[in-house]
Amino acid sequence: MTIDEKAAKTLDELGLADSNGVGELFAEVRAAIECEVDSFRRREASDSDSACEAKTLRDRWLARGHGLIAQIDQNWLKATPKESRGMVGAEFNRLRQYATSQIDVDSLPGARKTTSAARGEAARGPDLTLPGNQRELGSIHPVTRVQRELEDIFIGLGFRIETGPEIESVYNNFDALNIPESHPSRDDWDTLYIDSTTLLRTHTSPVQIRAMRKHGAPLYIVTPGKCYRNENPDATHSAMFHQIEGLAVDTDITFADLKGTLDFFAKKFFGERTRTRFQPSFFPFTEPSGEMAASCPFCGGQGCRTCKESGWIELMGCGMVHPDVLRHGGIDPERYSGWAFGLGIERFAMLKYDIGEIQNFFQSDVRFLKQF
Ligand code: DAH
């Protein structure tokens with residue numbers, strides 16, 4: 001039988017006539033109070049909601065009329081025949097005193113803010129010797145931290161931040177980027193479609209189109225944001241991840257501008273001794289297209305576990321903006337040319353902080369997040 005069930009019965013119904021049993025019963029109630037106060041205090045240390053819990057605990061035991069002490073008064077003491085009233089009364093007084101001292105609002109720290117503060121301070125003024133309420137400050141998420149660092153490097157070069165929607169049109173995500181419906185390269189992106197004309201953007205590249213249409217040329221932008229792909233989660237894949245896209249459109253932009261800017265960027269991010277390498281690749285929205293790699297920041301290019309003994313780390317896709325993409329953005333490819341890149345922010349964060357699992361970023365484990 002629980003304490004609550006016992007409190008609802010009379011001593012007679014509980015089969016307790018002799019003083020021994022009654023003493024034990026009251027001891028059991030005190031033990032229950034001790035146990036509940038104890039577990040409250042343990043929770044209170046880690047819980048900011050404790051003011052509410054303190055009130056619940058107080059009401060449970062001390063509320064007038066329906067609290068457990070009131071029930072015990074009613075059912076055990078008042079219903080006891082005169083002969084044993086004195087003994088039960090003494091036990092009851094001890095119990096009530098114990099309960100009020102243990103569950104006193106002042107001794108339950110969580111309750112202090114609402115109750116004793118409101119009651120006492122109006123009359124006496126606040127007690128300035130009490131420690132203040134400490135609030136634990138959070139920290140910047142490592143992906144956000146690295147995103148800002150990447151942004152800052154490009155802002156320093158005169159680029160502006162431009163953002164676009166995560167729910168994007170199929171047209172901006174694919175067609176305008178020179179990936180027609182029939183083109184096999186559409187399969188490279190494991191797309192999450194919302195309906196036949198809308199999807200969760202698979203990359204930040206559609207913001208190129210939006211920005212060109214909105215601002216025209218010349219244009220120097222970086223576009224950070226979330227992207228989505230139908231990926232099974234593993235150490236390096238997540239269905240939601242972040243990219244930063246870069247786009248420079250102006251008169252006389254050449255591949256040398258791309259190489260110079262990205263080499264400068266890699267040295268800023270990974271250190272002055274970083275070397276860069278450009279290899280041919282394919283993206284439908286750039287021609288020519290490239291993959292940029294940097295000398296491994298862990299071994300300096302000697303070869304190690306992180307760079308799989310190659311000395312190089314692939315960092316991003318890049319290339320000269322395809323004339324059709326400029327045209328879709330409303331810019332005349334006869335007058336203007338441009339270069340672009342796209343990179344995964346988590347990958348940069350993993351390299352910077354030597355994190356082996358992309359999943360760490362999204363599990364909200366405070367032990368992980370606290371380190372940043
Ligand atoms: N959008 C590409 C992707 O998600 C990355 C990319 C490659 C972006 C080359 C670019 C680029 O702007 O020029 O795989």
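Reply: Domain bounds, as used here, come from an automatic or database domain assignment. On that basis the chain is divided into domain 1, residues 3-124, and domain 2, residues 142-369. The model is predicted. The C-alpha centres of domain 1 and domain 2 lie 63 Å apart.

The shell around the ligand consists of His-203, Ser-205, Glu-245, Phe-283, Thr-286, Gly-317, Cys-318, Gly-319, Ala-340, Phe-341 and Gly-342. Sorted by class, the shell has six polar residues, four nonpolar residues and one charged residue.

The helix packing may be taken next, starting with α13. Helix α13, residues 345-353, meets helix α8, residues 142-156, with the two axes coming within 9 Å and crossing at roughly 100 degrees. Angles of 65 to 115 degrees count as roughly perpendicular, and α8 and α13 are therefore roughly perpendicular to each other. On the α8 side the contact is made by Pro-142, Val-143, Val-146, Gln-147 and Leu-150, and on the α13 side by Ile-345, Glu-346, Phe-348, Ala-349, Lys-352 and Tyr-353. The residues of this contact between α8 and α13 comprise eight nonpolar, one polar and two charged.

Helices α2, residues 19-44, and α5, residues 82-102, have axes that come within 10 Å and cross at roughly 5 degrees. The cut-off for a roughly parallel pair is an angle under 35 degrees, so α2 and α5 are roughly parallel to each other. Helix α2 contributes Ser-19, Val-22, Gly-23, Phe-26, Val-29, Arg-30, Ile-33, Glu-34 and Val-37 to the contact, while α5 contributes Met-87, Val-88, Glu-91, Leu-95, Tyr-98, Ala-99 and Gln-102. By class, the contact of α2 with α5 has ten nonpolar, three polar and three charged residues.

Several individual residues in loops now deserve attention. Ile-179 occupies the loop between α9 (170-173) and β3 (192-195). A residue counts as buried if 20 or more other C-beta atoms lie within 10 Å of its own, and Ile-179, with 21 such neighbours inside 10 Å, is therefore buried. Setting aside residues up to four places away in sequence, Ile-179 touches Phe-174, Ser-185, Arg-186 and Pro-284. Arg-160 is 19 residues from Ile-179 along the chain, and their C-alpha atoms are separated by 26 Å.

Ser-310 lies in the loop between β8 (286-295) and β9. This residue has 13 C-beta neighbours inside 10 Å and so counts as partly exposed. Its C-alpha atom is 27 Å from that of Glu-231, a residue 79 positions away in sequence.

The backbone geometry includes two cis peptide bonds to proline. One joins Ala-217 and Pro-218, with omega about -5 degrees; Pro-218 is in the loop between α10 (206-215) and β5 (219-228). Another joins Glu-287 and Pro-288, where omega is also about -5 degrees, and Pro-288 belongs to strand β8.

Positive phi values in residues other than glycine also occur. Asp-252 has phi near 65 degrees and sits in the loop between β6 (240-250) and α11 (255-270). Because the cut-off for exposure is 12 or fewer C-beta neighbours, Asp-252, with 7 inside 10 Å, counts as exposed. Ser-364 has phi near 55 degrees and is placed in the loop between α13 and α14 (366-369). With 9 C-beta neighbours inside 10 Å, Ser-364 likewise counts as exposed.

The account ends at helix α14, which contains Leu-369. Leu-369 has 16 C-beta neighbours inside 10 Å and therefore counts as partly exposed. Apart from its neighbours within four places in sequence, Leu-369 is in contact with Ser-139 and His-141. The C-alpha atoms of Leu-369 and Ile-140 are separated by 8.4 Å, although these residues stand 229 positions apart along the chain.

How values were computed: Residues numbered from 1 in each chain as written. Predicted model: local features only at pLDDT ≥ 70, side-chain atom pairs only at ≥ 80, totals over all residues. Near = placed C-beta within 6 Å. Nonpolar A, V, L, I, M, F, W, Y, C, P; charged D, E, K, R; others polar. Axes fitted to C-alpha atoms, helices over the stretch in contact; angles between N-to-C directions. Helix = DSSP H or I, 4+ residues; strand = E, 2+ residues; numbered from the N terminus. Parallel < 35°, antiparallel > 145°, perpendicular 65-115°, else oblique. Contact = placed C-beta atoms within 7 Å.
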